[in-house]
Structure formats: C-alpha cells, structure tokens
Amino acid sequence: MLHQWVVGVVAAALTAVGAFGAAADAFAVRISTENSDSHFQTRIVAAFAEELAKRARGRLDVRYSPGARLFMDRDVVRALQLGKVEMAVPGTWQLDRLVPDVGLFLLPMFYGRDEAAIHTVTDGPPGRDVSRRIDRQLQVKVLGRWIDLGFTHIFGRGRPIRTYQDVAGRRIRVAGGHANLARLETLGAQAFVIPWPDFPEALALGTVDGTLTSFETIGSAALWERGINSVFADRQYFAQYVPLVSQRFWERLPEDLRTLMATVWDEQVDGGRRLASAAQEKARSSFVAHGGLVSEPTAKALSQARNALLSKQDDLVSALGIDPDLAEATLRFLEPAR
C-alpha cells in the first residue's frame, strides 16, 4: 500500500507539471533523474518540477522524467553539455570521475561525521567552492544546495560484523572510488569493485563477505534474502545528489526565471533532506525487522579510526587529483583547532 501511495503521489505531480498551460514560446525544461518513481529523490524533484511549473505561469514548459527514461546518470552530464536535457540531479559518485575535487567528501576527514557537520561543509564555503569548480569544468550551473541520499556503512554476510576487529580480512564490495577502496583497506578489509548487477551473484557464490552501501539500497533490493545479516554502522561517507542545469540553457533564460528556478529549488532542499533521513531510518527498521543485526562503534573507537585514516589523507588527495589547498582549507573548516 505504501509503494502504491508513493507512486500515486509522484504520478500526480508529474501529471500536474504538464497541466499549467505552458505558452507556445515557453522555455522547455526537461529534467532527468535515474531513480524509480518510488524513490524519495524522485518525490523531491517531482515536487520541485510541479512548483516551478506553477509559479512560472506558462513561461516554462517543465517536463520531468525519472527512472532513466531520458538518460542514465552516468551519461547525463554529456547530455546537459549537448543541450539534450536542461536539468539533472546525479549523485556525487557520478561526478568525482569528471571533477576530481568532488572526491573531497570521500576523504578520511569526513569519516564518521554526523549529518549536521557534513551539511555545514557542503552548504558552506568548501561546498560552494566545489560547486563553482563543477560549473567551470563541466559547463553546467549547480542550481543550489545539494540534497541527500544518506550515510553508507559496512554490511556483512555470514559471521556478523560488529566491531573494527570484525572488519579485518573481510571481502567487501564497493561500487567504485579509490577513496572507498583505500578507506576499507586501511581498516583491514579486502575491498573489491563489483558493479551492482554482478553483486547478487557474488553473494550467492560466496566470493564477498559484504558491501559498502546504505540501508535504503539494502532494503530496495531485499538483500537480507541473499544473506546480508549485519551492519557496522560507522558512517563511511555521506552520499548526496547535485542539481545541475545546462549552461547553454541557463544563459538563455531571463534573469527573473533564473532566480525563480534557484528559489524554488532551495525551498525543496530542507524538506527533501528530512525525507531522505526518514527513508533511511525506515529502511534501517526494515533491516532489523528482517533479522539484521545493527552495531555501531563507540565515539572513542570511531575517533581513533578517523585519526588512523587521516594519516593517509595526503596520499589520497594526491592519488585522487584533489586540490591539496582545497583539502587543507576544508580540514581547517571542519577542525579549526587543527
């Protein structure tokens, strides 16, 4: 019933987007995202599209297409550059290969931080600096603050992962990212990049002992049915989505419509972040209800682990191609005393 309600809400919003009577000379705004109609990110972007169409009063023809019906997120930046779509909201993990400085938020300094600390950085000077670098390097416009997916953790199968000692020697799958591999290996795990479509088979064959992902992802694929039975909830990194607008489209827009788009987007961010947090908590409860064991490090143990990881940060910055001055300034912003 919940799934039907969510899909109904999104379907109603998408129908409403096209119902505000755009004028014949209206600017077309095609919005592409990859997640399904039931995903909370889709609900956030649908609400933005509906409100934007309403307040533009016919001057914008807003058309939102979730579920990768226009483009996969891995391809959408090129589509924005070519003018094949006007807006997209890909995850940060799709952007760090194109703009290495986006990898800043995978660095050890963010390991185990709470949500408020991360938002302080992404909404503050470091985050705005990274957004400007995205603008410049990809010929796009970052429309405003980023929305959340949430924390990723170490999920395990077989012998439960309860402590840092249990992480040692375990074979952990990651979606990608040198920083993710290095972080897990520093904690003693054996980390492997395995594409998502191949991961269920790897679990079935017993070639991996777990994965780095979020509660929402575990729940969406019901991975407890494939043996995932525990999680060490250590907040490995915090995943977010970045609102991108085609630069060629942005430059054609009158100033008042630019302001309207940025304003309406910003109005969705705080509620969207609350929705993301609630979705992750719901997925966590579902994991527990299906027999999943949840363990968390103590504050002292987490701090010790972060300090151990920080000893490798300079090497990671170099390997990932992140601007070392940006990394140092961000660390000072996070920890002024340091």
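Trainee: Where is Gln-139 found?
Mentor: Gln-139 sits in the loop between helix 5 (125-138) and strand 4 (140-142). Keep in mind that this is a predicted model.
Trainee: What's the phi of Gln-139?
Mentor: Phi of Gln-139 is positive, about 55°, although the residue is not a glycine.
Trainee: And is Gln-139 buried, exposed or partly exposed?
Mentor: Gln-139 counts as partly exposed because its relative accessibility is 39%, and that falls between the 20% and 50% cut-offs.
Trainee: Which residue other than glycine has a positive phi near 50°?
Mentor: That's Arg-57, with phi near 50°. Arg-57 is in the loop between helix 2 (40-56) and strand 2 (60-65).
Trainee: Buried or exposed, that Arg-57?
Mentor: Exposed: Arg-57 has 76% relative accessibility, and over 50% counts as exposed.
Trainee: How do the lining residues divide into nonpolar, polar and charged?
Mentor: The lining of the second largest pocket has six nonpolar, four polar and six charged residues.
Trainee: Let's stay with His-153. Where does His-153 lie?
Mentor: His-153 is part of strand 5.
Trainee: Why is His-153 called buried?
Mentor: His-153 is called buried because its relative accessible area is 6%, and the cut-off is under 20%.
Trainee: Which backbone nitrogen lies 3.2 Å from a polar atom of the His-153 side chain?
Mentor: The one of Arg-235.
Trainee: What else is His-153 in contact with, leaving aside its neighbours within four places in sequence?
Mentor: Its contacts include Thr-211, Leu-212, Thr-213 and Phe-215. Val-231, Phe-232, Ala-233, Asp-234 and Gln-236 are also among the contacts of His-153, as is Arg-235.
Trainee: New topic, rings. How many aromatic pairs does the count come to?
Mentor: Nine aromatic pairs. One of them is Phe-151 with Phe-238, which is edge-to-face, 4.7 Å centre to centre with 65° between the planes. The pair links distant parts of the chain, with Phe-151 in strand 5 and Phe-238 in strand 9, 87 residues apart.
Trainee: Are Phe-151 and Phe-238 buried or exposed?
Mentor: Both Phe-151 and Phe-238 are buried. Another edge-to-face pair is Phe-215 with Phe-287, 6.0 Å centre to centre and again with 65° between the planes. That pair also links distant parts of the chain: Phe-215 is in helix 9 (residues 215-220) and Phe-287 in helix 11, 72 residues apart.
Trainee: How about the accessibility of Phe-215 and Phe-287?
Mentor: Phe-215 is buried, at 4% relative accessible area. Phe-287 counts as buried too, at 1% relative accessibility.
Trainee: Which residues do ring pairs link into a cluster?
Mentor: Phe-105, Phe-110 and Trp-146.
Trainee: Last one, Leu-260. Which helix is Leu-260 found in?
Mentor: Helix 11. Leu-260 is buried, with a relative accessible area of 15%.
Trainee: What does Leu-260 touch, not counting residues up to four places away in sequence?
Mentor: Leu-260 touches Leu-52, Arg-55 and Ala-56.
Trainee: How far apart are Leu-260 and Phe-215?
Mentor: In sequence, Leu-260 and Phe-215 are 45 residues apart, and in space 35 Å apart, C-alpha to C-alpha.

Terms used
Residues numbered from 1 in each chain as written. Predicted model: local features only at pLDDT ≥ 70, side-chain atom pairs only at ≥ 80, totals over all residues. Heavy atoms only, no water. Nonpolar A, V, L, I, M, F, W, Y, C, P; charged D, E, K, R; others polar. Helix = DSSP H or I, 4+ residues; strand = E, 2+ residues; numbered from the N terminus. Buried < 20%, exposed > 50% of the residue type's maximum accessible area, 1.4 Å probe, protein only. Polar contact = N/O pair within 3.5 Å; in protein donor to acceptor, adjacent residues only side chain to side chain. Contact = heavy atoms within 4.5 Å. Phe/Tyr/Trp six-rings, centres within 6.5 Å; stacked < 30°, edge-to-face > 60°.
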